[in-house]
Amino acid sequence: MATFLYRIGRWAFRRRRLVGGLWLGVLVLAVAAAAMAPAGEEEDLSMPGTESQKAFDLLDERFPQSNSQGAEARLVFQAPDGQRVTAREHKAAVEDALGLLDGGDQVASTTDPYETGAVSEDGTIAYSTVTYTEGAVDLTESTKSALEHAASQARDAGLTVEIGGSALDAEEELGGTTEIIGVAVAAIVLVLALGSLVAAGLSLLTAFVGVAIAFGLVSALAVPLGLTSTVAILALMLGLAVGIDYALFITSRFRDECAQGSEPEEAAGRAVGTAGSAVVFAGATVFIALVGLGVVGIPELTKMGMGGAGAVALAVLVALTLVPALFGFFGRRILSRAVRKATRPGSERPHPVPTEAGRPGLGTRWARFVLRRPVPVLMIAGLGLGAVALPALSLELGLPGDESKSVETTQRRAYDLLSEGFGPGFNGPLTVVVDTAASSGSGDTRATTDLVAKTVRGVDGLASVGDPVLSQAEDTAVLTAVPQTAPNSGETKDLVHAIRGAVSGVEADTGAAVLVTGTTAMNIDISEAMSDALIPYLTVVIGLAVLLLMVVFRSVLVPVKAALGFLLSVGAAFGVLVAVFQWGWAADLVGIEQTGPVMSLMPVLIIGIVFGLAMDYEVFLLTRMREAYVHGASPGEAIVNGFRHSGRVVAAAAIIMVSVFAGFIGMSNPTIQTMGVGLASAVAFDAFVVRMAIVPAVLALLGHRAWWLPRILSRVLPNVDIEGEKLSRRVPASAMEPDAVVPRLPVGRHRH
């Protein structure tokens, strides 16, 4: 592996114009394809195989004139204080507003609140339901403007009018201030870590190239593959974070090689052969974790995983080819001024610069501190993460609705008005579908439906159950049941299970199928399916990744330790999510106005992404340790060597990744916002507590046993030579020119 990548690095360096031109061409094609492609559609979250999804599919089949998952708006009217919405002038204003919508483009129907009884008991609040023939993202601007104009006209008549439902939902847009701040922080960290504007700019440039290509491809494939804006944002987030990190690691190794006296072309080959090997396997772990999201069975989650995995794969390819090509353009200008001066590039042969002159660096001092006190460090770090993870025991899952939006939005205000006038459960009605297709006639359907309605009304916790509506063929009936409790409450979840349990007896007696659906039931089904899929997902992803790390480090205990450390960091991240999004701690800092359950997608999604990224730091940090150990260093010396060469770079990479993820916290999309908080905190915990404290403490306690591999596994597992041992033996004699051979410091043999 190392020798193969070494050749790629040198080839890219020599053929820099060809490599740069090819990537520029790919970038132009991706951007052009994205510009010409039609905009993708935002799809409703679905979970094939669940009861609620089966009911939605049945409704689309039996009620073809309506779209069960089409856009819907609720116009909520409230009379001024001390007045009733049923007063003549207010009633006229409501009817005039609804008259503007009747027969409008894409409008399927509107309901009159005075005819349907959609008026609160005290007469102060009324609502009208407007259904559309298309989904929310397919509504035209003129359709949305007509809805807002109708509301505005009623407001002019003295009523308070708010618009709820999905009709005004907007696609998430990029370019917010927080994302720009995140990138700016990453740029500053790069400059401080590398000490060179050229080197920092190179890392940012290559990351932006990879991200632009990934984003362009996702946009171009949005329609044929059904990719949503969330997929594009996740690809952007991950591609930017790992792209900067991968370029940083290879650039850092290139600078080390140049400082040791290698010519730029040779340094580029060695950087790609060693650090590039770590990039390949680190990227592979992220790729496995993201592709593994497909085992959950949620199409949207699968697409998010594939989009993110594609962005990571592009970041790896860019790091292995474009980065060394840019080394060829900039040469020694990538080095800091002090190193360029010390290596005297104008002389016939550069003089190697010791990697550590004078006082040892912070990474070396920290590693030695941990070696002296491994048990206290391990106890403090482990107990600290355990304490942060405690709130995760109270984790509640759900999907956000209008209640999670800002109070400044009309959707949230409409939600609050409906709760005030009709009870909290009114915002999450349940739909009971009765399928009697196997019955012989309409009489059977009506009798069965009446029995179902009676059974459902007997379940505690319901505020009301509407009259059944039959399909045109009279083989399907629909009832609407309104809970007494809010959609995301635990009581509503218990109510859904209670209804399903109660109607099972009717199904057994009549042979009909009775299904409970609706947005609330769908959210409950998805949350439970996510919980059920968690263990299989962890088994598949962690099993494959541990096997991969076993191949990389040729050790049994190192991969197991890596997986256990990951569980600590992800547990602490869940603790932060619960504290912020459920309990409201520091919620104002991240713009959370309403607490509630954590998104049901988050556990699996964060586990998948964080596991891959955690293994990034594991690979980058331990590769140097393994390299030193293979070359003869003691276990303690290997730990110090790893921190000497990689500690600062890993810390910088983690700060960059945290900054990029935190930059997405300011977005209004709840999925992206929750992901930003979860990923930023998880990476911080994993990089600075697990990898920087727990890992060296455990390795210090294990000693030589950390690198133990049974003989049978040693024979079976391939030797990928990620530490570059074969490269060190073969390259000087075979690949370097005779007059270019320079003295090199033996790895892992420094004494201080």
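The model is predicted, so local features need pLDDT of at least 70, side-chain atom pairs count only at pLDDT 80 or more, and totals for chains, interfaces and linings use all residues. Residues are numbered from 1 along each chain as its sequence is written, and side-chain values use heavy atoms, with hydrogens and water left out.

The chain holds 25 helices and 11 strands. Of the 752 residues, 54% count as buried. Here buried means under 20% relative accessible area, exposed means over 50%, and partly exposed lies in between, using a 1.4 Å probe and protein chains only.

Two strands are said to pair if DSSP finds at least two bridges between them. Axes are lines fitted to C-alpha atoms, for helices over the stretch in contact, and angles run from 0 to 180 degrees between N-to-C directions.

Within this sheet, strand E1 (residues 72-78) runs antiparallel to strand E3 (residues 125-132), and seven bridges join the two. Along that pairing, Phe-77 stands opposite Ala-126 and Gln-78 stands opposite Ile-125. E1 also pairs with E4, in the antiparallel sense over six bridges, and there Gln-78 has Thr-160 as its bridge partner. E1 is mostly covered, with six of its seven residues buried.

Another strand to look at is E6 (residues 430-435), where six of the six residues are buried. Leu-430, Val-432 and Val-434 point one way from E6, while Thr-431, Val-433 and Asp-435 point the other way. E6 pairs with E9 in the antiparallel sense over six bridges, and Leu-430 has Ala-481 in E9 as its bridge partner. E6 also pairs with strand E10 (residues 513-517), again in the antiparallel sense, over five bridges. In E10, Val-516 is the bridge partner of Val-432.

The loop between strand E8 (469-470) and strand E9 (476-483) contains Asp-475. This residue counts as buried because its relative accessibility is 18%. Apart from its neighbours within four places in sequence, Asp-475 is in contact with Arg-62, Val-434, Asp-435, Thr-436, Ala-437 and Thr-445. The C-alpha atoms of Asp-475 and Asp-444 are separated by 8.9 Å, although these residues are 31 apart along the chain. The side chains of Asp-475 and Thr-476 are joined by a polar contact of 3.2 Å. A polar contact is a pair of N or O atoms within 3.5 Å; within protein, one must be able to donate a hydrogen and the other to accept it, and residues adjacent in sequence count only if both atoms are side-chain atoms.

Turning to the helices, the axes of H10 (residues 229-259) and H21 (residues 602-630) come within 12 Å and cross at roughly 5 degrees. The two helices are therefore roughly parallel to each other; angles under 35 degrees count as roughly parallel, over 145 as roughly antiparallel, 65 to 115 as roughly perpendicular and the rest as oblique. Among the H10 residues that meet H21 are Leu-234, Tyr-246, Phe-249 and Arg-253, and the H21 side includes Ile-609, Tyr-617, Phe-620 and Arg-624. The residues of this contact divide into nine nonpolar, no polar and six charged. In this grouping, Ala, Val, Leu, Ile, Met, Phe, Trp, Tyr, Cys and Pro count as nonpolar, Asp, Glu, Lys and Arg as charged, and the others, Gly among them, as polar.

A last stop is Arg-554, in the loop between helix H19 (519-553) and helix H20 (557-582). Arg-554 has a positive phi of about 50 degrees although it is not a glycine. With a relative accessibility of 11%, Arg-554 counts as buried.

Note on methods:
Helices (H or I, at least four residues) and strands (E, at least two) are DSSP runs, numbered from the N terminus. Contact means heavy atoms within 4.5 Å.
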